[in-house]
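Keep the structure open while reading.

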Amino acid sequence: MDFEYWWLLGLPLFFVLGWIAARIDIGQLLTETSTLPASYFRGLNFLISEQPDKAIEAFMEALKADSDTLELHFALGSLFRRTGEMDRAIRLHQGLLERENLPEAQRLMALAELAQDYFKAGLFDRAEELFRRLVETRYANSALRALLEIYVREKEWLQAVDTAQRLETLTGTRLRKEIAQFHCELAQQNLLLGHVAEARTHLAEARAANRNCVRASIMLGDIEAAAGNPQAALAAWRAIELQSPDGLELVAARMMAAWRSLGKAEEGLTWLQDVVRKYHLEKAGEVLFQATLDIQGPEAAYRMAHEEAERSPTLAALDRLLQAKVSGMPDGDLRLVMDALRAHLEKTAFHRCTTCGYTARQFHWHCPSCGEWETFPARFERT
Ligand SMILES: [Zn+2]
């Protein structure tokens with residue numbers, strides 16, 4: 001095949017064309033960047049190296065040179081907020097909103113930023129007002145999330161239900177567990193006011209939102225027990241076994257009391273014994289033991305404790321064994337050992353939030369630390 005040498009002459013031409021194209025791009029880039037002050041890039045550098053205070057200084061300097069670049073204002077504003085300088089963040093965003101020629105998109109952005117400033121500064125009334133204005137805009141998602149947090153903090157549960165439902169529709173995120181909990185809170189508020197019928201309605205709504213809502217079953221049982229219907233109370237509490245068996249830890253004592261009030265203590269003991277074994281429930285195990293001691297006497301209680309201690313030799317099992325032993329006996333050394341053991345067991349039991357690890361002696365439906373719902377297991381841990 002003959003090689004066509006003549007087209008080699010075209011090669012230099014391609015290089016020249018490429019060089020010109022590159023120069024044009026670089027030239028354009030230089031024109032664009034030369035409109036931004038050098039301090040702007042210094043600020044960016046500090047941001048990247050996680051030095052927000054120095055970044056603030058650099059951006060302030062850049063703003064002196066060019067106060068029209070809106071991006072600079074926004075960068076500085078969010079930096080103020082990040083570093084906790086809420087007054088300055090608020091003043092900056094308010095200043096932007098006062099500009100007459102601010103384009104609509106930037107006006108909305110300034111509004112959204114100011115709302116976040118108020119929120120972080122704890123000025124929830126003002127934050128709420130602004131977030132409500134943003135709900136119909138492209139900031140709807142963050143606005144609804146912030147509103148939900150505000151309503152939960154302020155215990156505005158009806159608003160919380162409404163906002164959670166809107167968030168579900170907008171984002172497709174399921175918030176059934178939370179909505180059920182908000183209805184339980186509403187039921188609680190109504191119970192405190194003596195509005196039992198309204199409380200029942202909210203509990204029904206809680207169960208409609210989340211049929212596995214243990215708290216709703218517990219509260220419904222409490223209402224029935226308080227109304228003198230132990231049979232109905234037991235029915236409500238027994239439903240917990242199907243929802244989340246661990247939840248029985250929270251109601252075992254109440255259930256036993258209901259059985260006793262019905263004169264069906266033996267039936268209660270049998271049922272409790274069954275669930276304690278099936279689900280390895282510690283608190284319910286304690287209730288079962290005390291009831292056995294009380295109803296069937298120390299010998300039956302001792303047999304039960306002995307069997308349990310053989311099966312799982314824990315300190316709690318040992319404690320029950322001692323209790324059965326010393327029951328009815330005069331005070332002695334054994335009782336002293338038992339008291340020490342009890343104190344130790346009480347001191348070392350705690351619940352731990354599965355989301356943030358916060359620990360508490362008391363059970364919580366709503367973590368006081370991270371604000372998540374139903375993250376405390378009903379059964380406790382031991383140190
Ligand atoms: Zn937590």
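The report covers the chain as a whole, then the metal site.

**The chain**

This is a predicted model. The chain has 20 helices and three strands. It counts 383 residues, and 42% of them are buried. Among contacts with a separation of 6 or more, 47% join residues 24 or more positions apart. The accessible surface of the chain is about 21,800 Å². Carbon and sulfur atoms contribute 55% of that surface.

**The zinc site**

Which residues hold the zinc ion? Cys353, Cys356, Cys367 and Cys370 coordinate it, each through SG, at 2.3 to 2.4 Å. The donor residues follow the spacing C-x2-C-x10-C-x2-C in sequence. The site is tetrahedral, with angles of 105 to 115° among the four donor atoms. In general, the ideal angle for four tetrahedral donors is 109.5 degrees.

Where do Cys356 and Cys367 sit relative to the strands? Cys356 is in the loop between β1 (349-352) and β2 (359-360). Cys367 is in the loop between β2 and β3 (381-382). The pair therefore ties together parts that are 11 residues apart in sequence.

Are these two cysteines buried or exposed? Buried means under 20% relative accessible area. Cys367 falls under that cut-off, at 1%. Cys356 has 36%, so this residue counts as partly exposed.

| Residue | Relative accessible area | Class |
|---|---|---|
| Cys356 | 36% | partly exposed |
| Cys367 | 1% | buried |

Key
Residues numbered from 1 in each chain as written. Predicted model: local features only at pLDDT ≥ 70, side-chain atom pairs only at ≥ 80, totals over all residues. Heavy atoms only, no water. Helix = DSSP H or I, 4+ residues; strand = E, 2+ residues; numbered from the N terminus. Buried < 20%, exposed > 50% of the residue type's maximum accessible area, 1.4 Å probe, protein only. Contact = heavy atoms within 4.5 Å. Areas by Shrake-Rupley, 256 points an atom, 1.4 Å probe, with all protein chains shown as cover. Donors = N, O, S within 2.8 Å, 3.2 Å for Na, K, Ca; no water. Tetrahedral: all angles 85-135°; square planar, octahedral: opposite > 155°, others 65-115°.
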